[in-house]
Amino acid sequence: MPMSRRALAAAAVTALVLPLSACGSSGDGGGTTDASGKVEGNITFETWNLRANFKDYFEGLIADFEKKYPGAHVKWIDQPAEGYADKISADAAGGTLPDVVNVSPDLAAPLAEAGLAMDLDKAAAQYKSEYLPGAWAGHQVPGLPGTYAFPWYLNTGPLFYNKALFKQAGLDADKPPKTYDELFADALQLAQKSGGKVATLANVPTIEDFGRYGSALMNKDGTGFAFNDAKGVELLTKYKQLYDAKALDPQALTATPESTGKKFLTGAVAMNPGSALDLGNFKKQAPSLYKNIGITDQITSTGHANMYVMGLMVNSRTKHAPAAVAFAHYVTDAEHQMSFAKKVAIFPSTAGSLDDPYFTKEDGTDETRVRVAAAKSLKNAVNYTPVLFSEQMKTALRNEVAKALQGKQSPKDALDNAVKACDQLLRQQG
């Protein structure tokens, strides 16, 4: 299956939370944070569905590392996307976790709580300044001091909009909405002018949307959720208004990325998030849409776009800590992140890399325009999804949001119930 930018990012949004209660107590649990010493020994490196498309890249990377450190040897293991979280969980419980593991923040969190993820603030503090602050913070866990993975590649994307649909509704197609107030006003006008046939949005609000709108999401010590605050209730109330006016697609309650993408292709939805790779699909599958495509920034009340971050975690029980830390840093240093970013549409997490002409200089193509816009937003982007927010919590939030949109309960009651359910799940994780 071809590896797309969206597929690479999907790991950061679809991973399961690991049931690691069998792995030991939280805290350091006997793991090491000392990575001093000679870089030598045999280590294992596990990636997440990357061999099929990037075999030559990783084999070359490993060969170069072994040439630099003749006493070190890296065995590369690549796991399929399906069941990846379960595989890590089984290895963690069985004591067979690889030395360096490709993780998303929600995969790293339970490993850190079980004492299996090395604290890089202690073991690799000298490298912290090499990475974007938001990216380095991406693998920090509320309630635990430390950082538990090197930031690797980042992902984000702009909003696409259909200029023809905006014009038909009497809106200025060259002035897409920049704020939530503008978005909601434009959405209501699009629905009204089309007689309810054109929705602007096709997804119910997710935890990232509440974050972008300015909700606190969690309390400061990470012991409970807080997206039922005034900002959260305000956002869901606005979505209820959109839903009633058919400005939010009626099928949003059961939408998937694939279904919303199809609706955007067919002109049933006026705006949809995406990536540079989507432009090729538009050109091939919907030429009329491609000719009328508009590209704008993610809408946010905080001034910070949302990003997804992938990382490389070092097993705190590794027998060769100097080699494991050195290799994880080698894979994620500026040079190697840059070379990987030119092979697939992702973005480096290293400081200064996004200033490279590859991410700043436009050449007249839409693909480059999207890449440049996304790179600019990533410089101060944050990962709004709390690392402790599990798949079960996402489902709980979605279910309560659906009830609010359908008028079965108020937005405030819906979010209160969602927070209560998520807090209960959080306590079960602990």
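## A buried serine in a loop

To find Ser 353 in the structure, look in the loop between β9 (347-348) and α16 (357-360). Is Ser 353 buried or exposed? Ser 353 counts as buried because its relative accessibility is 7%, and the cut-off for buried is under 20%.

## How confident is the model?

Keep in mind that you are looking at a predicted model. The average pLDDT of the protein is 90, and 93% of the residues score at least 70.

## Helix α2 and its bend

Now follow helix α2, which covers residues 51-68. At Tyr 57, α2 bends by about 35 degrees. Tyr 57 is also one of the buried residues of this helix, along with Phe 54, Phe 58, Leu 61, Ile 62 and Phe 65.

What covers these buried residues? The cover includes the strands β1 (41-48), β2 (72-79) and β4 (150-155), together with the helices α14 (321-332) and α15 (334-341).

## Helix α18 and what it packs against

Helix α18 runs over residues 391-405, 15 residues in total. From its first C-alpha to its last, α18 reaches 21 Å, close to the 21 Å expected at 1.5 Å a residue. Just after the helix comes Gly 407, which takes a positive phi of about 80 degrees.

The buried residues of α18 are Met 393, Ala 396, Leu 397, Glu 400, Val 401, Ala 402, Ala 404 and Leu 405. Which helices do the buried residues of α18 pack against? Their partners are α9 (207-213), α10 (230-244) and α19 (411-429).

## A sheet of three strands

Finally, look for an open sheet of three strands in the order β6-β5-β7, paired in the antiparallel sense. Its edge strands, β6 (271-273) and β7 (293-296), each pair on one side only. From one strand to the next, the twist averages 30 degrees.

Strand β5, residues 159-162, pairs with β7 over four bridges, again antiparallel. You can look for the spot where Tyr 161 has Gly 294 in β7 as its bridge partner.

How values were computed. Residues are numbered from 1 along each chain as its sequence is written. This is a predicted model: local features need pLDDT of at least 70, side-chain atom pairs count only at pLDDT 80 or more; totals for chains, interfaces and linings use all residues. Side-chain values use heavy atoms; hydrogens and water are left out. Helices (H or I, at least four residues) and strands (E, at least two) are DSSP runs, numbered from the N terminus. The expected span of a helix is 1.5 Å times one less than its number of residues. Buried means under 20% relative accessible area, exposed over 50%, partly exposed in between (1.4 Å probe, protein chains only). Contact means heavy atoms within 4.5 Å. The bend at a residue is the angle between axes fitted to the seven residues ending there and the seven starting there. pLDDT is the predictor's confidence in each residue, from 0 to 100. Two strands pair if DSSP finds at least two bridges between them. Axes are lines fitted to C-alpha atoms, for helices over the stretch in contact, and angles run from 0 to 180 degrees between N-to-C directions.
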